[in-house]
Amino acid sequence: MAINENLVQEIVQEVMAKLQIADSSSGKHGIFKDMNDAIEAAKKADAVVRRMSMDQREKIITVIRRKIKENAEVLARMGVEETGMGNVGDKILKHHLVADNTPGTEDITTTAWSGDRGLTLIEMGPFGVIGAITPSTNPSETVLCNTIGMVAGGNTVVFNPHPSATKTTIYAINLVNEASLEAGGPDNIACTVEKPTMETSNIMMKHKDIPLIVATGGPGVVTAVLSSGKRGIGAGAGNPPALVDETADVEKAARDIVNGCTFDNNLPCIAEKEIVAVSSICDELMHYLVNDNDCYLASREEQDKLTEVVLAGGKLNRKCVGRDARTLLSMIGVTAPANIRCIVFEGPKEHPLIATELMMPILGVVRAKDFDDAVEQAVWLEHGNRHSAHIHSKNVDNITKYARAIDTAILVKNGPSYAALGFGGEGYCTFTIASRTGEGLTSASTFTKRRRCVMSDSLCIR
Ligand code: NAD
């Protein structure tokens with residue numbers, strides 16, 4: 001009787017998985033003391049994952065999605081508690097977004113040319129063990145979203161997370177490994193170390209078994225990754241301006257901008273960080289911001305006090321990042337009404353609270369004399385990050401002009417910034433937007449190598 005090798009392999013994997021589950025009562029899959037051990041374990045898992053059928057990879061991803069939903073609140077609370085940033089309600093929504101909208105194996109496609117000289121395919125193959133560096137601002141969201149995409153592409157991943165989000169990251173990594181085991185896959189599809197540091201990051205970046213590094217964070221980490229001598233995908237900082245011109249529905253623009261800006265206390269890198277408004281509608285916009293959208297209008301004196309606290313000693317005060325507007329106001333001795341969601345003021349583009357990427361609900365409004373001036377100021381404020389920008393306008397010529405001038409990976413028109421993440425907008429979700437290296441919104445296919453497979457003079461049956 002012929003032996004069905006696939007069936008045997010599946011049974012072996014299932015038994016191995018059950019043994020591993022039984023052996024892991026600590027509940028911490030994928031967590032190691034030493035970065036070299038984490039990479040070694042991910043490499044062993046990679047040997048299994050790269051041989052898996054697409055169907056098997058998708059089974060793991062399906063369980064990951066389910067577990068994210070089951071744990072969305074735990075992860076959200078843990079993230080807020082550990083980092084002190086963001087808010088639980090919005091973080092729950094972000095986890096559901098990751099579970100529902102992150103592309104899986106359907107993103108891995110084949111291109112084919114068939115003709116007189118045969119058949120040629122371009123297939124997407126795995127890199128192997130990917131090294132990923134993740135930010136404190138969306139800690140578990142990034143880990144979970146990256147893992148889904150990387151495993152869909154046939155890879156495994158080793159994370160070096162931000163030290164201030166270690167606990168939350170470990171919880172998320174344990175979760176994806178439990179999902180893999182439950183679906184009959186290997187343990188350690190995602191790994192990390194108990195105490196991530198710059199040293200563990202360096203070990204990862206230099207390791208011979210890491211062919212690709214994906215960095216999500218500020219300018220420092222992206223530059224470090226791009227200097228590593230390895231292939232790097234760099235998802236760096238932004239400072240997205242929201243431009244409002246004279247043709248916009250100003251009332252809706254105010255609502256959309258405040259909704260986008262205050263989502264998770266302004267932590268998403270795509271969120272509106274400042275407004276540039278054409279002078280003819282600037283006062284009307286400010287009216288809607290303050291009177292209809294729960295914004296607090298800060299006086300000159302309060303702006304100065306905020307600058308002193310938020311940019312203490314000229315450096316971004318991490319204790320202010322991701323805090324809500326009332327907490328920020330309380331730091332300068334202002335007790336704001338309970339409904340206040342955002343702090344606004346009018347100022348020049350050079351104002352430190354406007355020019356700096358703050359990641360908190362403070363929205364400076366820059367007045368522009370006309371549309372061209374608004375574009376010029378918005379481009380200046382984006383600092384060449386080529387990350388995200390937003391516009392509220394009914395004039396397609398204006399929108400086109402702005403899009404060409406600002407040249408960002410994301411441009412949301414007439415909606416809140418989070419529409420770019422597939423939240424109230426079309427398209428898939430990611431928390432790694434490769435602004436610096438040009439891949440844009442990453443997905444499973446971003447984490448694959450293109451291979452050309454050529455059959456000469458055959459297999460064309462037309
Ligand atoms: P951060 O730059 O302080 O840290 C990000 C990660 O990089 C952390 O894991 C940190 O430990 C590591 N790191 C920092 N400097 C490093 C270096 N020189 N070498 C190696 N590793 C280093 O960022 P953060 O405060 O955690 O996150 C906020 C920043 O990340 C903002 O600038 C935001 O715009 C950006 N961000 C970008 C995206 C994107 O998709 N483009 C997504 C989220 C956050």
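Modeller: A residue is near a molecule or strand if one of its heavy atoms lies within 4 Å of it. This is a predicted model, in which local features need pLDDT of at least 70 and side-chain atom pairs count only at pLDDT 80 or more, while totals for chains, interfaces and linings use all residues. Residues are numbered from 1 along each chain as its sequence is written, and side-chain values use heavy atoms, with hydrogens and water left out.

Biologist: Which residues come nearest to the ligand?

Modeller: The shell around the ligand divides into 14 nonpolar, 15 polar and two charged residues, where Ala, Val, Leu, Ile, Met, Phe, Trp, Tyr, Cys and Pro count as nonpolar, Asp, Glu, Lys and Arg as charged, and the others, Gly among them, as polar. Of the 31 residues around the ligand, those that come nearest are Thr134, Ser136, Arg318, Glu357 and Ile433.

Biologist: Which residue has a polar side-chain atom 2.7 Å from an oxygen atom of the ligand?

Modeller: Polar contacts are pairs of N or O atoms within 3.5 Å. A backbone N or O atom of Gly218 lies 2.8 Å from a ligand oxygen atom, and a polar backbone atom of Gly236 lies 2.8 Å from a ligand nitrogen atom. The polar side-chain atom 2.7 Å from an oxygen atom of the ligand belongs to Arg318.

Biologist: What volume does the largest pocket have?

Modeller: On a 1 Å grid over the protein atoms alone, a pocket is an open set of points with protein on both sides within 12 Å along at least five of seven lines, whereas a cavity is a set where a 1.4 Å probe fits but cannot get out, and lining residues have an atom within 4 Å of a point. The largest pocket is lined by 40 residues, and His162, Thr216, Gly217, Gly218 and Val221 lie nearest its centre. By class, this lining has 18 nonpolar, 20 polar and two charged residues. With volume taken as the space filled by probe spheres set on the points, the largest pocket has about 810 Å³.

Biologist: How much space lies in the largest cavity?

Modeller: The count comes to one cavity of 30 Å³ or more. Residues including Thr102, Cys145, Ser443 and Phe447 line the largest cavity, and its lining has five nonpolar, six polar and no charged residues. The space in the largest cavity is about 40 Å³.

Methods: Polar contact = N/O pair within 3.5 Å; in protein donor to acceptor, adjacent residues only side chain to side chain.
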